[in-house]
Amino acid sequence: MRAYLLSRLGQTALVIFLALTAVFFLVRLAGDPVLLFLPMDIQAKDVNEFRQRLGFNDPLIVQYGRFIAGAVRGDFGESLRYKQDALRLVLERLPATLALAASALALTACIAIPAGVLSAVRRGSVWDHLGMTVAVLGQAIPGFWLGLMLIYLFSVGLVSLPNEGTGGLAHFVMPCIVLASFYAARMARLTRSSVLETLREEYVLTARAKGLAERVVIAKHALKNSAIPIVTLAGLETGQLLGGAVITETIFAWPGVGRLTVQALVNRDFPVVLAAVFLISVTYTLINFGVDLLYGALDPRTRRETEAG
Amino acid sequence: MIARLNRHLLGIVGLLLTSAAVVAALAAPVLAPHDPIKSDFVASLKPPGTPGHLLGTDQLGRDLLSRVLYGARIALFIGFCTVLLTAVVGGLLGLVAGFFGGWPGAVLMRIADVQLSFPFVLLALTINAIVGLGLRNIIISLSAAGWVIYARVVRGEVLSIKQRDYVQAAAALGTGKARVLFRHVLPNVAPSIIVVASLQFSQFIVAEAAISFLGFGVQPPTPAWGSMLSESRDFLYVAWWLAAFPGAALALTALGINLLGDWLRDALDPKLRV
């Protein structure tokens, strides 16, 4: 187990290192950020001095070396716009994003898993068709359009809900619905097909033959064994939720990492972009790692494989 | 029986919606009643149903119906180019990586890992912010973010296909490597490429709209659905139609392509049910 953990950790570090390297060089290809931050009437001498101070005049490889040396210590430099430590700026925004992603994931699971199980158990019924039609629709409707429509609907006076920023629980309602709609659709479809598959297994037949109540058969025997693909998808979706948050946060003016990243991209605030890339890929790989560990808990058979591998 | 009928019915709905989008895209110059980028300040922000403007007009008095029709053109063009580019590049790389293996295959899979450690929309957005805005660059950005899936799927398929007897037999008969690859392996990988392409198509269209919505990608006054939705935000409370129709067009197109893709996947590869 320890060897497995160490090799996974090594892989994770390599992936993050390569991601940072790629983004560093791409960002430098994009052009000079200095001119964006200085007034129009500035002298060429001053521009040069500013560049010198930020180290943009050094050879690229020297800049890269300096960047990696800093990144290892968690130092991505100062934000060009906010004049604050870039990583700290991103970390300050992380709780808002995580809170949104976690509540959206919870909402997704609360809707999608019961709907998927119901569709599978009552296969071919009205519920099945209704559930799956809604799921197909949910998958096709773009989140940012749904967000705009919700803002409009609530604004014309059905219920009053805040559509900007954070605050109380009410602030969560719209962003959560928007973020969860797409992922709930996918998860419901997967839950349905996964449960349908396990219901065909012989141990389900055995459980029924023993005279167990249908509820117990479904909850204990079928659902538990369908959990692996559902957990995999939930893990992947948590990662994608961080990406989806970019758009949702922008619509609802949510002060999270996604909105900060978009603003940093607009402003060519490269230290912040790099810090955000770092943080997002760390979160993403950590989530995948957690999912891998969960497999072992859900299906002891996979434990040996992961340990051997 | 009902389930099967339902499946075909959904497939046909998908076919109809997709055809409608394709017709709108191809025949936009004929179907559109007005020039999509010509402004007419006298007729600004007219609601749907105004004579001459079936879906109303926007803040510059441009006809919304014409803009939505031309939007189909932009969306499908971007989706089609991106799917083609990613399928060819990703497919070829996956084919080579799977067939020859060795270090190129290993390097390719490491690159894939790096890309997959980042959410797709955010990756495409970051690349787009770096390579620049506009129609051509959004196609490049989406392709650069999206080719990985093909490379992975194709590589996996090739690894199993090259062990099959008919491939081994062809090699044993002295068939050249290139011929084995393109005559014996490629045709058997083709269905997977088509299935992935159908799944990716609507994802690319929605991602493009999202990126244009955030102010990158396709720029105004080009009538792309995403940038139309972005502009509509300032007028949401006074002109709901500016947000409603381009978004509905986008959702219906994505729905049609998804349904058609599901249908295609069932027909081509019953194993690949998601």
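Biologist: Hi! How are the residues and chains numbered and lettered here?
Modeller: Residues count from 1 along each chain as its sequence is written, and chains are lettered from A and ligands numbered from 1 in the order in which they are written. The model is predicted, so local features need pLDDT of at least 70 and side-chain atom pairs count only at pLDDT 80 or more, while totals for chains, interfaces and linings use all residues.

Biologist: Great. How many helices and strands are in chain A?
Modeller: Chain A has 14 helices and zero strands; these are DSSP runs numbered from the N terminus, helices being H or I with at least four residues and strands E with at least two.

Biologist: What about α11 of chain A, is it straight or kinked?
Modeller: α11(A) has a kink of about 35° centred on A:Gly244, the bend being the angle between axes fitted to the seven residues ending there and the seven starting there. This helix covers residues 227-251.

Biologist: And how many of its residues are buried?
Modeller: In α11(A), 19 of the 25 residues are buried, meaning 20 or more other C-beta atoms, placed from the backbone, lie within 10 Å of a residue's own.

Biologist: Switching topic: how many residues does each chain bring to the contact?
Modeller: Chain A gives 39 residues and chain B gives 37, with contact meaning C-beta atoms, placed from the backbone, within 7 Å. On the chain A side, α11 is among the helices that each supply at least two residues.

Biologist: Last one: which residues does B:Ala210 touch?
Modeller: Leaving aside neighbours within four places in sequence, B:Ala210 is in contact with A:Pro142, A:Phe144, A:Ile247, B:Val121 and B:Gly226.

Conventions. Contact = placed C-beta atoms within 7 Å. Expected span 1.5 Å × (residues − 1). Buried ≥ 20, exposed ≤ 12 C-beta atoms within 10 Å, placed from the backbone.
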